[in-house]
Structure formats: C-alpha cells, structure tokens
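Hi everyone, thanks for coming. I'd like to walk you through a few spots in one structure, so let me put it up on the screen.

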Amino acid sequence: MLAQLLQPEVQELIRTRNLRALRDVLVEWEPPEIAGLIDQLPSPDDVAVFRLLPRELATEVFEYLSTEKQEELIEALAREKDWLAQLLNELSDDDRTALLEELPGPVAQRLLNMLAPEEREVAIKLLGYPEDSVGRLMTTEYVAVRPHWTVQQALDHIRRYGKDSETLNVIYVVDDNWRLLDDLRIRELLLADPDTKIEELMDGRFVALKATDDQETAVQVFRDYDRVALPVTDTEGVLLGIVTIDDVLDVAEEEATEDIQKIGGMEALEEPYISASLGTLIKKRARWLVFLFLSEMFTATAMGRFEHEIARAVVLALFVPLIISSGGNSGSQAATLIIRAMAVGEITLRDWWRVMRREILSGLALGTILGAIGFLRVSVWQLAGIFDYGPYWYLIALTIFLALIGVVLWGTLIGSMLPFLLRRLGLDPAVSSAPFVATLVDVSGITIYFEVARFILTGTLL
C-alpha cells in the first residue's frame, strides 16, 4: 500500500536524478515495502532503485521480489559481475535455489560460477534434490549445539554464528556425527542457568522432515505442529538443514492456487496470471474446454434416446435445464468439499465409506428440498392459471419431484466419490473439477429424468 501511494513521488525523484533524496527515503522503509515498490516500477526505474540500496538491504529486498522481477534484475545487472556475485553469495540458500531453478540452464550455470566454492557446493546440492521436494526448500543456515555443552557455551556459540542463521527461534542439538538429537526453543536457553548442561534441557521429542519428502507434506506438518521452523534430515537422521515457515507459506499458496485453477476446469498456470502470455492462457483453458464440450455431446446423445418421449410429451423438455443443472450443482458442491477436505488432511482414502454414507443422506435431503420446490412450482403455476400443463399436471409434478431426488443424489455421490477414485489411482483429486463433475452428471441426469418420466407417465402422456 505504501509503495503504491508513493510510487509517483519515487518516479519523480528518479526523473530528476535526485538519487540522494531517494536513497534517504528508501532506507527508512521495510524490505517488503521496497520490494513491493520495485515490483511495480517499470524498467529501467526498478534497476535504478534497486542499485541505490545498501548491499545488505538489497539482499533482503531481493528475497521478497517476485521471481519474474528477480530474473529481470539479474539480466540487467549481468555486467556488474562483482556486485551480482556478492548479492548471490549473500542470499539465503532456499531463496537462491528458488531463483536458480526458475532460470534457463545456461543462465543458472553462469550464476553458479559466480558463487564462492562453499556456496556453490551448497547450491548444487540443493538443486540436486527432486523438484517439489523439501530439499529444495531447506537452508543450511542454522545453529546447532552439542549436548555436553553448557548453556553459557551454547549462548556464546549463538552470538558468534547466529547472525548467519535463517532463524534463531529454535536451536538444534546434534551429536559428533551430526545426527539430530533434539530441538530447543531459544526461550529455554535464555531462562536456564548458564551452568546447566544442554542435555539436561533435552526431552528427545522433536519433529523432523526428510529431504525427499514432498513439499505438501511439509505444509501439513507445519500446520499440525504449529512450528516456525523444522529440521530436515536424511534417512539416517543426519541434520541437513532447516525449513522455515515463510517458504512453506509460499508452497501452500502455490498449491491452493493450483487446486483452485483445476477446480475451475483448467490446467494450472506456472506463472502469475498477469505475467502469462495470451497464448499460454488460451492453451491452458482450451484443452479442458474442448474436452468438456466433447463430453457434453453425450448429453445430446442421451436426449436422442428419448426422442419419442419428448415428441409425445413436449412439456418434459421444459424442465431439462432445471434437472441437469441441479444435479451438476450438487455434484460440484460435493466435489469441492471433498477435494478441500483431502487437501487439508481432514479425510483420507480410508474414510470413503463414511463420506458415502453422509453424502447419501445429504443427497436425499437436498434432493427432497429441491424436488418439493419443483413440485410446488408446477402445482402453483397450474392452479393459478399461469401455465397449463394439461390434465396430468400432477403426474408431471410428481415426475419432477422424484427425478430431482434421484439426480441430486446421483450428483452428490459422483462429486464425493470421484476424488477418492482419482486419489486411489495416484492422480490429483482437483482434476475432478466442478465442470468435469457437472458434465458427468448432465449426461446421467438426462437418463434418470426420462426413465422416471417413462415409469410414471406411461399410459397417460406416454
């Protein structure tokens, strides 16, 4: 908000080359505010502002910039190799990894060559972990202590090396082979007697992630244990690094965005909407729209099966949109509820029968409510003289009533069970998007509707 309000003033300072005043203004801002300003500035104003910042502040600001803006700045500063090399060396491990994995191979390799040997070794190691694994999120910047140290020794160690740590909220206890033994809140050290041994503060209870775990696992663990940082170990329990809550929140946002886009009936975007090209947007949306369009053709095919019934009782066609939309809506509701419940860990594959029982009751109740409204609609219109449904209007009303119960129940079951089926097959449940469920229910809903009509109206209208 501050960046938006002051952007015209900043651009005026740039235009008049009043760089000293601009620098004095910016150093009073918080890094996220400066990053917000730079993200909004056009080139080359964004480079000019970033270049003005003190080096330490520039490093902090860079970590808050969008990936697209980071890439633009890297390209613009490519000629200033010394300045760029120092910036890259000072970036936290996880932020540097996130930047490098988004860059084209040759560019990433050129930046890797700018790093100091020890930093290059860490960067290559982190990039070697599978994509979307916890290893890509972790940083090696943490503080570890030994169990035989005193609290005073540990505090002295923290003062000496803590400035380079990603966070000091939690201190990790390791043995001589760097196996993780425990984690201690900094509060415990500050309140303990200086002569107390670290091992006396340990309880041996800690939560750790594996470097090969999926990033979604990290999101769930952070949510379950309410942590700001978690240690990352290998399969033998050796401490490799830590993952902090800021990186996990970014993952959670990306996963939620991807699920929402899939639920909306499109492929997930790998970049922000405003940055995506028109061709990318069309491609991501067209595939699902074509698939859904072709699927909807089965609806016409299903109606063709009942051409005779429609010809004899044209009035039935009036309620086709009402019937199929009710089934699609109920299915979309159920699918959205189950997909979200799976995403946050509220339900697992083992809960499918429990969910089915609940959705059967829900579907019957919702279908009865909508069916009763449909029955009343036909009755009121007939008795009030608004529309004449003929001498068998009460049978038409009954058909609508029963058909809605069947279609809504079926839609609810399809919408709730399809995510379980996809998860069982190892696919993303979000693929059972609302439009996809609606299309399935449209086709089957037509069949249910006309079969109910055939059963009730045979001998009268049919």
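Let's start with Thr139, which counts as buried because its relative accessibility is 0%, and buried means under 20%. Keep in mind that this is a predicted model. Where does Thr139 sit? You'll find Thr139 in the loop between helix H10 (117-127) and strand E1 (144-145).

What does the side chain of Thr139 make a polar contact with? Its partner is the side chain of Asp93, at 3.4 Å. A polar atom of the Thr139 side chain also lies 3.2 Å from the backbone nitrogen of Glu141. Leaving aside residues up to four places away in sequence, Thr139 touches Asp93, Asp94, Glu166, Gly241 and Ile242.

Most residues other than glycine have a negative phi. Trp178, though, has a positive phi, near 65°. Trp178 lies in the loop between strand E2 (170-174) and strand E3 (180-185), and is partly exposed, with a relative accessible area of 35%. Asp226 isn't a glycine either, and its phi is positive at about 55°. Look for Asp226 in the loop between helix H14 (215-225) and strand E5 (229-233). Is Asp226 buried or exposed? Asp226 counts as exposed, because its relative accessibility is 67% and the cut-off is over 50%.

Last stop, a pair of helices. Helix H3 (residues 31-40) packs against helix H5 (residues 55-64) at an angle of about 65°, with the axes 8 Å apart. The crossing is right-handed. Among the residues making the contact are Pro31 and Ile34 of H3, and Leu57 and Tyr64 of H5. The contact residues split into eight nonpolar, no polar and two charged.

Technical notes: Residues are numbered from 1 along each chain as its sequence is written. This is a predicted model: local features need pLDDT of at least 70, side-chain atom pairs count only at pLDDT 80 or more; totals for chains, interfaces and linings use all residues. Side-chain values use heavy atoms; hydrogens and water are left out. Axes are lines fitted to C-alpha atoms, for helices over the stretch in contact, and angles run from 0 to 180 degrees between N-to-C directions. Helices (H or I, at least four residues) and strands (E, at least two) are DSSP runs, numbered from the N terminus. A crossing is left-handed if the near helix is turned anticlockwise from the far one by less than a right angle, and right-handed if clockwise. Contact means heavy atoms within 4.5 Å. Ala, Val, Leu, Ile, Met, Phe, Trp, Tyr, Cys and Pro count as nonpolar, Asp, Glu, Lys and Arg as charged, and the others, Gly among them, as polar. Buried means under 20% relative accessible area, exposed over 50%, partly exposed in between (1.4 Å probe, protein chains only). A polar contact is a pair of N or O atoms within 3.5 Å; within protein, one must be able to donate a hydrogen and the other to accept it, and residues adjacent in sequence count only if both atoms are side-chain atoms.
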